[in-house]
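The following exercises are to be worked with the sequence and the coordinates at hand.

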Amino acid sequence: MGFEVFDFRKDLRNVFVSPEIRSRFVKLEPGEVHNRHSHDLGQEVFLVLDGEVEFEIEGERKVLKPGQMCVARVDEKHQVSCSGDNSALMYLSVTPHVEPTHTSWEGETTKLPPRYGQSTRAERIQSDSSAETSTDDLAAQLTRSADGFAAAAAKAAGVIRQRSRTAVQALDARNRDTARGELDQMWSLMYKTIRELHQTEHIWNEYTARFGALNE
């Protein structure tokens with residue numbers, strides 16, 4: 001894929017979507033209020049680009065203006081609305097972006113059932129990267145990927161179990177080369193494990209999006 005450039009004045013959509021992060025530009029009209037929700041895994045970052053946006057995060061309200069940013073952390077209920085007389089523009093990102101990405105609430109304490117694939121529905125209607133793959137095949141891919149992640153995690157755990165204490169001892173003894181070597185060995189397995197997890201997350205997102213009818 002080439003070097004893409006996005007412009008907040010016209011690209012009012014999801015501009016990048018992956019299991020690691022979803023980012024988009026959003027335009028709010030005067031008086032517009034978005035549904036209150038939280039994220040089971042994701043941290044959401046908001047940056048106001050134009051206008052005034054009121055944020056309510058865990059019951060605390062603040063109005064942000066252009067150049068100001070705030071964060072809704074994991075499990076924090078939040079809501080945004082356009083508070084000025086003119087429209088507002090903002091950038092947001094949610095990371096990670098693993099389904100179900102949004103959690104809705106009834107009142108303060110009742111978590112509503114998960115809804116899958118809602119935040120990327122428009123993009124999937126236009127272009128589904130896995131459209132040629134059957135749901136059964138996606139299920140098989142998900143199983144294989146989960147098995148691969150489990151195997152990589154088990155191997156990494158064994159190496160970390162052996163080398164983490166040695167690394168600490170080397171650091172205490174100011175043996176920098178040994179400490180660095182132990183860290184490098186652990187990272188080589190951690191890297192593979194995290195890559196396997198990302199692959200599993202990607203297939204999981206594609207797979208669960210097929211069950212959009214359950215949201216009705």
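A residue is called buried under 20% relative accessible area, exposed over 50%, and partly exposed in between (1.4 Å probe, protein chains only). The model is predicted, so that local features need pLDDT of at least 70 and side-chain atom pairs count only at pLDDT 80 or more, while totals for chains, interfaces and linings use all residues. Residues are numbered from 1 along each chain as its sequence is written, and side-chain values use heavy atoms, with hydrogens and water left out.

**Exercise 1. Overall form**

Task: Determine what share of the 216 residues is buried, and state which radius of gyration the protein has.

Solution. Step one: buried residues account for 33% of the 216 residues. Step two: the radius of gyration, taken over C-alpha atoms, is set against a globule rule of 2.2 Å times the number of residues to the power 0.38. For 216 residues a compact globule would come near 17 Å, whereas the protein has 21 Å. Step three: the C-alpha trace spans about 65 × 50 × 45 Å along its principal axes.

**Exercise 2. Order of elements and contacts**

Task: State how many helices and strands the protein has, and in what order the elements run.

Solution. Step one: helices (H or I, at least four residues) and strands (E, at least two) are DSSP runs, numbered from the N terminus. Step two: on this basis there are three helices and eleven strands. Step three: from the N terminus the order is β-β-β-β-β-β-β-β-β-β-β-α-α-α. Step four: contact means heavy atoms within 4.5 Å. Of the contacts between residues at least 6 apart in sequence, 68% join residues at least 24 apart.

**Exercise 3. The surroundings of Thr120**

Task: Decide whether Thr120 is buried or exposed, and which residues Thr120 is in contact with, leaving aside neighbours within four places in sequence.

Solution. Step one: Thr120 is placed in the loop between β11 (110-111) and α1 (121-126). Step two: Thr120 counts as buried because its relative accessibility is 9%. Step three: apart from those neighbours, Thr120 contacts Asn14, Val17, Arg22, His97 and Glu99.

**Exercise 4. Backbone exceptions**

Task: Find which residues the cis peptide bonds join, and where Asp75 and Arg174 lie.

Solution. Step one: most residues other than glycine have a negative phi, and most peptide bonds are trans. Step two: Thr95 and Pro96 are joined by a cis bond with omega about -5 degrees, and Glu99 and Pro100 are likewise joined by a cis bond with omega about -5 degrees. Pro96 lies in the loop between β9 (88-95) and β10 (103-106), and Pro100 lies in the loop between β9 and β10. Step three: phi is positive at Asp75, near 70 degrees, and at Arg174, near 60 degrees. Step four: Asp75 belongs to the loop between β7 (69-72) and β8 (78-82) and is partly exposed, because its relative accessibility is 42%. Arg174 belongs to the loop between α2 (135-172) and α3 (176-209) and is exposed, because its relative accessible area is 76%.
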